Amino acid sequence: MNNQEITQANKLRCPRSQLSYIKRNGHTYYGKQNHQCLMCGRQFVVREQSVSEDKRELIKSLLLERLCLRGICRVLKVSLLVAAQFCRTALSDHAGRFAVGRANRRRN
Ligand SMILES: [Zn+2]
């Protein structure tokens, strides 16, 4: 670890103990840098900014094509939680489009 990486790591604080004794601890499945607190052992990933506008539009169009959410996550390397939260808002925007499918399924 060079000096720049040490100072960058020292800016981080553990979400549990709020201490800055942090080491880099490999990468997550989605390729994000994982960190571990040297005092309490808690592992965490620094939260990035929200998904870019281009990616949001792409997710929205893929959802409208009815691709599965997990498939979208794998291809775009977005976490399932982020995609699910975005999916909820995107589907509420297009609620009328999906209501037709639900109405056709009901048979009494
Ligand atoms: Zn800690």
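Three strands make up an open sheet, ordered β1-β2-β3, with antiparallel pairing. Its edges are β1 (22-27) and β3 (43-45), each of which pairs on one side only. Neighbouring strands in this sheet are turned against each other by 35° on average, direction ignored. The model is predicted.

Take the pairing of β2 with β3. Strand β2 covers residues 33-37 and pairs with β3 over 3 bridges, in the antiparallel sense.

The chain holds 5 helices and 3 strands. Read from the N terminus, the elements run α-β-β-β-α-α-α-α.

Next, a pair of helices. Helix α3 spans residues 69-76 and helix α4 spans residues 80-93. Their axes come within 9 Å and cross at roughly 125°. Angles from 65 to 115 degrees count as roughly perpendicular and those over 145 as roughly antiparallel, so α3 and α4 are oblique to each other. The crossing of α3 and α4 is right-handed.

Which residues meet where α3 and α4 touch? From α3 come L69, R70, I72 and C73. From α4 come L80, A83, A84 and C87. Sorted by class, this contact has 7 nonpolar residues, 1 charged residue and no polar ones.

Finally, the chain as a whole. Of its 108 residues, 7% are buried. Consider the contacts between residues at least 6 apart in sequence: 26% of these join residues at least 24 apart.

Conventions. Residues are numbered from 1 along each chain as its sequence is written. This is a predicted model: local features need pLDDT of at least 70, side-chain atom pairs count only at pLDDT 80 or more; totals for chains, interfaces and linings use all residues. Axes are lines fitted to C-alpha atoms, for helices over the stretch in contact, and angles run from 0 to 180 degrees between N-to-C directions. Helices (H or I, at least four residues) and strands (E, at least two) are DSSP runs, numbered from the N terminus. Angles under 35 degrees count as roughly parallel, over 145 as roughly antiparallel, 65 to 115 as roughly perpendicular and the rest as oblique. A crossing is left-handed if the near helix is turned anticlockwise from the far one by less than a right angle, and right-handed if clockwise. Two residues are in contact if their C-beta atoms, placed from the backbone, lie within 7 Å. Ala, Val, Leu, Ile, Met, Phe, Trp, Tyr, Cys and Pro count as nonpolar, Asp, Glu, Lys and Arg as charged, and the others, Gly among them, as polar. A residue is buried if 20 or more other C-beta atoms lie within 10 Å of its own, exposed if 12 or fewer, and partly exposed in between; C-beta atoms are placed from the backbone. Two strands pair if DSSP finds at least two bridges between them.
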